[in-house]
2 protein chains.
Amino acid sequence: MQETGTQETGKAPARPPRTRQPPHIRRQMITEAARTVIAGHGLHATTLRDVAAAADVALGTVTYHFTGIDEVLAEVLKSEMLIYSAPITDAAQEAATGRAGLDVVIDGLLASDERAGEHWRLWLDFWTLAAHNAEYSAWQSQIYRDLHAVVAGLLRRGHADGSLTVTDPVREAVEFVAMLDGLVVQSYLRQSQITPDQARAMLKSYAWQTMPARD
Amino acid sequence: MQETGTQETGKAPARPPRTRQPPHIRRQMITEAARTVIAGHGLHATTLRDVAAAADVALGTVTYHFTGIDEVLAEVLKSEMLIYSAPITDAAQEAATGRAGLDVVIDGLLASDERAGEHWRLWLDFWTLAAHNAEYSAWQSQIYRDLHAVVAGLLRRGHADGSLTVTDPVREAVEFVAMLDGLVVQSYLRQSQITPDQARAMLKSYAWQTMPARD
DNA sequence: CCACTTATCGGTCGACTGTACGATTAATGA
DNA sequence: TCATTAATCGTACAGTCGACCGATAAGTGG
């Protein structure tokens, strides 16, 4: 029993490699694995066993780091907003002009890579979750309020620096976000009617025509 | 055992009232009950037992008229499109002008009553279903193609009768539907940012400004 | 080298789920 | 009136889910 090798008994059932991680690291690894599973099978079709398999850990490890499946899903959504959306809106607010900021938002959120598709399919699942759950609904509502505020701020800046013409920033922001959401549905769902490239072109065309630059 | 009354034994466990229905009627009753359940709890949280309870029939009755839960859900979605959407688009095509037809679509699809909210929450669940299921995805894609065609037809009529000004009907139709979908998300989800009344006003304002009447 | 902490494992349990099926009995027509 | 059909019922079964928990062992400080 004191042999140096880790595998000595031929009948041993393939000892799994177990490298321990501090909780905050393992939580992050499981969360990332869960995000992949959700993007593939959908939020409601994701089980703890799926997540555990994708993270290459035992079932018990997931329930050790999380109180339950709900906490895993909530963590995925929270980290997704932090990793994907936040950098884009932050970059937009650091753009030179209001119009340049809108460009950053459009190009960032309506990107053509597969990662954007995963993000929006995750966000779509979040919609249905919020449609029937008060807690998620309140959170989603706050996210939209923040997004509206960011866009309205960009429109005000654009009107001030002459890159845009905006009479009612709040109203125009809601309209812009609505158009964004609608184009997302047409772009990223399977068998989509338009490509993300076309969606970006349409949203930019819409923005520049309804809010043209000063002179 | 041959008594005339139907209820004689005091210990009899509350004989349920059983009035038989021909299959096409019972299917319709079960479908309507299922629609209510789905609107409340969501598509993926709806079980056969929930549907049976809502329809006030036994579990076996549901499995007698339907091959399984999938067929029930599919029937609900199919009938919802036929009952809710089809009459609106039909009425729109019978309107006097293209612009009047758009009014019918806007007022019909963005109605303020609770039934509209149920419709869109059901449609939202359908989105997530289509996002991960090829069969539903194909069907949903066809529904959007039809809607785009209907709107594009209204725009062409409006341009012809002078009630609208449209240069690219197909492109404008996609944009219009995108704005419609986006406003739906902001209007009918819980803790919504805007009311359906505001959504109708915004969509009409958008349509009349981007496609003004001829002179 | 050795206790001690704790991350990890994997089996187990109760609570559901969808589906199948035999027993009832309302409805129909001869 | 009575035999036949078939709509309805309720139970049973196999499967999967989330959650729980004792056993194991990797890592750490002394």
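**Aromatic cluster and interface**

Tutor: In this predicted model, one aromatic cluster is formed by Trp123(A), Phe126(A), Tyr136(A), Trp139(A) and Tyr144(A).

Student: Of what kind is the pair formed by the rings of Trp123(A) and Phe126(A)?

Tutor: The two residues are three apart in helix α6 of chain A, so about one helical turn separates them. Trp123(A) is buried at 5% relative accessibility, and Phe126(A) is buried at 1%. Their ring centres are 5.1 Å apart and their planes lie at 70°; planes over 60 degrees apart count as edge-to-face. The pair is therefore edge-to-face.

Student: Which residue of chain B forms an aromatic pair with Trp127(A)?

Tutor: Trp127(A) is buried, with a relative accessible area of 1%. Its pair is tilted, with 5.8 Å from centre to centre and 35° between the planes. The pair crosses between chains, from helix α6 of chain A to helix α6 of chain B, and the partner is Trp127(B).

Student: Across the interface of chain A and chain B, how many residue pairs are in polar contact?

Tutor: Chain A and chain B bury about 3500 Å² between them, 62% of it on carbon and sulfur atoms. For residue pairs in polar contact, both at pLDDT 80 or more, the number found is 15.

Notes
Residues numbered from 1 in each chain as written. Chains lettered and ligands numbered in written order. Predicted model: local features only at pLDDT ≥ 70, side-chain atom pairs only at ≥ 80, totals over all residues. Heavy atoms only, no water. Buried area = accessible area lost by both parts, 1.4 Å probe. Polar contact = N/O pair within 3.5 Å; in protein donor to acceptor, adjacent residues only side chain to side chain. Phe/Tyr/Trp six-rings, centres within 6.5 Å; stacked < 30°, edge-to-face > 60°. Helix = DSSP H or I, 4+ residues; strand = E, 2+ residues; numbered from the N terminus. Buried < 20%, exposed > 50% of the residue type's maximum accessible area, 1.4 Å probe, protein only.
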